[in-house]
Amino acid sequence: MKSIKIATKGVPHDYQSSLLPIIIQSMGYRIDWVNHDQADLLILGPFFKENQKPYRWLPKPLRPLASKSMNAISTKRRQDPLKLFHTQENERHDFVNAEYSISFDLGVQSNNHMRFPYWMEMLDWSHEGILGNTNPRYGELLSISTLMSPLGDQYLKRGGICTLLSSHLREPRGSLFKALEKVIPIQGFGAFFNKEIKSHHSSGFLKMDILKDFSFNLCPENGLYPGYYTEKIPEAFYSGCLPITWADDNISVDFNPSAFLNLEPLFKSDFQELPDLFRNKEKLEAYQSEALLQKKPSIEPLKDYLKVILSDLS
């Protein structure tokens, strides 16, 4: 088995157990997680700051000692590691200086960039030999076959109530929440609605257990950018809810636009169309025959891209 030394900076706390390292291991590599000055491959995440000083978490008098100690126990590489920028957040592919990038961005004309949106990391890839990735906040990985099947009529039998799971009501969530609550009942879960919850990592509930009881799920994206579409819509659809989102028009590159309600175009009219939308029985019933995914996704393009990166290390 080949080994590869990988370091990370600015990635989520659970990155080492996420999909990309699992795929690398499935390709016959053993990953040794090391300090950045020992790495063959340095993965930079969306929380990386280019000019951030090391050891900022230590009191200033102790930082020189920590730096000296680290240099004493590490073997300096003869050359800088290859850099890969990988983001699960709404950051651009050239957010940092790196030889390769993986992001949400559409329309990037470069062989050194691959679009792999975060929602695809939450899928069950066991049919393609990938095992071990998780979806801890939702509760389980999402079945591609379910996402490619019609929504069905279960959401019409759940009482017509909407839910929002959120730690904040910063815009546009605040405006969307207020507009919907004028038209349909809406119930909130999460840190914003329960001050005893410190963060979504300590909410005490799984999203799947909440969503299964509601007809609609208000699940707006955190920002508008072509290609930035997360796990929110697929998780709502997978739970049998009708997703109600806020996203740009390019979302049809990933999802069937007839399988969810996008509120983004309604801002210009101050949401005046909303009452008629929810009173229109035929419109609501039309959603039940729509699948979210119209084309089956595959993990193979990501594998091929990673092969290119790993071959560049030799």
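Mentor: Lysine 157 is exposed, its relative accessible area being 65%. Buried means under 20% relative accessible area, exposed over 50%, and partly exposed in between, with a 1.4 Å probe and protein chains only. The model is predicted, so local features need pLDDT of at least 70 and side-chain atom pairs count only at pLDDT 80 or more, whereas totals for chains, interfaces and linings use all residues. Residues are numbered from 1 along each chain as its sequence is written, and side-chain values use heavy atoms, with hydrogens and water left out.

Trainee: With which residue does the side chain of lysine 157 meet in a salt bridge?

Mentor: A salt bridge is a side-chain nitrogen of Lys or Arg within 4 Å of a carboxyl oxygen of Asp or Glu. The partner of lysine 157 is aspartate 153, at 3.4 Å from N to O. Aspartate 153 is partly exposed, at 34% relative accessible area.

Trainee: How many salt bridges does a search of the whole structure find?

Mentor: The search finds 10. One of them joins lysine 207 to glutamate 235, with the closest N and O atoms 2.6 Å apart. Lysine 207 lies in helix H5 (residues 207–211) and glutamate 235 in helix H6 (residues 232–238), so this pair ties together parts that are 28 residues apart in sequence. Helices (H or I, at least four residues) and strands (E, at least two) are DSSP runs, numbered from the N terminus.

Trainee: Are lysine 207 and glutamate 235 buried or exposed?

Mentor: Both count as buried: lysine 207 has 13% relative accessibility, and glutamate 235 has 2%.

Trainee: Which residues does phenylalanine 271 touch, not counting residues up to four places away in sequence?

Mentor: Contact means heavy atoms within 4.5 Å. Apart from residues up to four places away in sequence, phenylalanine 271 touches Ser175, Leu176, Ala179, Leu263 and Leu266.
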